[in-house]
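Q: Hey, could you walk me through this one? I'm new to it.

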Amino acid sequence: MKKLPLALCALILSFTFIAGCVSDTPTDTTTTAETDSTTVVTVPTTEAETTVVPTSETPTEPTTESVVYTPISQNKVTDDPPEEYTPPATEKPTKPSTGDEASKPTKPAKPTDNKKYKYVAFTFDDGPHYSLTYKFADKLAQYGGNGTFFVVGNRVYGEQAKAMKYAYDMGNEIGVHGYTHEYYYSSCSDSRFKSELKKTDDVIYKFTGERPTVMRPPGGMITSNRVKSSGYAVINWNVDSADWQYVFQGQWGRDKIVSNVLNSVDNGDIILMHEIYEDSYTSFCKIIDTLYKRGYRFVTVSELLELNEDSKGNLYYGY
């Protein structure tokens, strides 16, 4: 027998081995896939809901501020006031109680009758002012007091006329200062002197319904003859705050105004201030707070000096 070539034998053996392997493979072709032991559940997604978490803060109720007046943008002075404003007929505001009422006698009495107090008269020149006049009047009323406002006639119009009327309705005294504040009564002509007084008197009467009985000359300057012929009790002062010199100078200026008064004031004095400066008002608040604690009470010059018809034509500096 012939021998087969070696390569042919190797090929036959390879085919025989492959055939045997195929016959040993299981006939079940189903494959089982192992999965992770953790079951994953997929939930359909929806739009996120907005959750409102309540807070512990109490809701703030809206507040409304009581507005007594509406200031105008500028505090102008004109030669003649417009005629369009007529003050409404209203009841006088009620002043706050100070606790002193119980000590007053039941019969009518003068404000200065209670001798356990000392009394001074605050006087305010050069107004009215569309906002500060209200503040001065309200601060006086805080202590059950009043003062005297010597007004410039050509400032009494519009919002400033309302401010003057408010001070008057609170029980304060309104006096004549001058119509223009441009002339000294010690040197101006007779016709100018009479005009300054009459025009101011008329405008005060127009808005208050009462004729003024007191007058303060600009700068305190007036001749003795004009005092006698003026028709008013002429009121100067014996305590000068000099506020107009120290306004717009910051805290130093305000402290100076306060010390000018507190270092010299005494029972029966007439104090001079001006109602057209914010620094004057700030200083006034400190002054009146301190004086009240010292046992002072606050009255008009007519109350302090007990003025009457016979007082006209006389000049006063203090009690």
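**Salt bridges and packing**

Q: Let's start with a salt bridge: which residue does Arg254 pair with?
A: Arg254 forms a salt bridge with Asp279, and their closest N and O atoms are 3.1 Å apart. A salt bridge here is a side-chain nitrogen of Lys or Arg within 4 Å of a carboxyl oxygen of Asp or Glu.

Q: Where do Arg254 and Asp279 lie?
A: Arg254 lies in helix 7 (residues 250–262) and Asp279 in helix 8, so the pair ties together parts that are 25 residues apart in sequence. Helices (H or I, at least four residues) and strands (E, at least two) are DSSP runs, numbered from the N terminus.

Q: Before we go on, what kind of model is it?
A: This is a predicted model, where local features need pLDDT of at least 70, side-chain atom pairs count only at pLDDT 80 or more, and totals for chains, interfaces and linings use all residues. Residues are numbered from 1 along each chain as its sequence is written, and side-chain values use heavy atoms, with hydrogens and water left out.

Q: Got it. Is Asp279 buried or exposed?
A: Asp279 counts as buried, at 12% relative accessibility. Buried means under 20% relative accessible area, exposed means over 50%, and partly exposed is in between (1.4 Å probe, protein chains only).

Q: How many salt bridges does the structure hold?
A: It holds 12 salt bridges. Another one joins Glu278 to Lys135, with the closest N and O atoms 3.7 Å apart. Glu278 lies in helix 8 (residues 278–293) and Lys135 in helix 2 (residues 132–142), so this pair ties together parts that are 143 residues apart in sequence.

Q: And how accessible are Glu278 and Lys135?
A: Glu278 is partly exposed, with a relative accessible area of 40%. Lys135 is partly exposed too, at 27%.

Q: What about Lys198 and Asp202, how far apart are they in helix 4?
A: They sit four residues apart in helix 4 (residues 190–208), about one turn of the helix. Lys198 is exposed, with a relative accessible area of 54%, while Asp202 is partly exposed at 29%.

Q: New topic: how do helix 3 and helix 4 pack?
A: Helix 3 (residues 158–169) packs against helix 4 at an angle of about 70°, with their axes 10 Å apart. Axes are lines fitted to C-alpha atoms, for helices over the stretch in contact, and angles run from 0 to 180 degrees between N-to-C directions. That makes helix 3 roughly perpendicular to helix 4 (under 35 degrees counts as roughly parallel, over 145 as roughly antiparallel, 65 to 115 as roughly perpendicular and the rest as oblique).

Q: Which residues make that contact?
A: Ala161, Met164, Lys165 and Tyr168 of helix 3 meet Ile204, Phe207 and Thr208 of helix 4. Contact means heavy atoms within 4.5 Å.

Q: What about the protein overall, how many helices and strands are there?
A: There are nine helices and nine strands. Of the 319 residues, 44% are buried.

Q: Which residues touch the most other members of the largest nonpolar core?
A: Phe122, Ile271, Phe284, Leu291 and Phe298 do, in a core of 56 residues. Helix 8 supplies the largest share of this core, seven residues. A nonpolar core is a set of buried Ala, Val, Leu, Ile, Met, Phe, Trp, Tyr and Cys residues joined through side-chain atoms within 4.5 Å.
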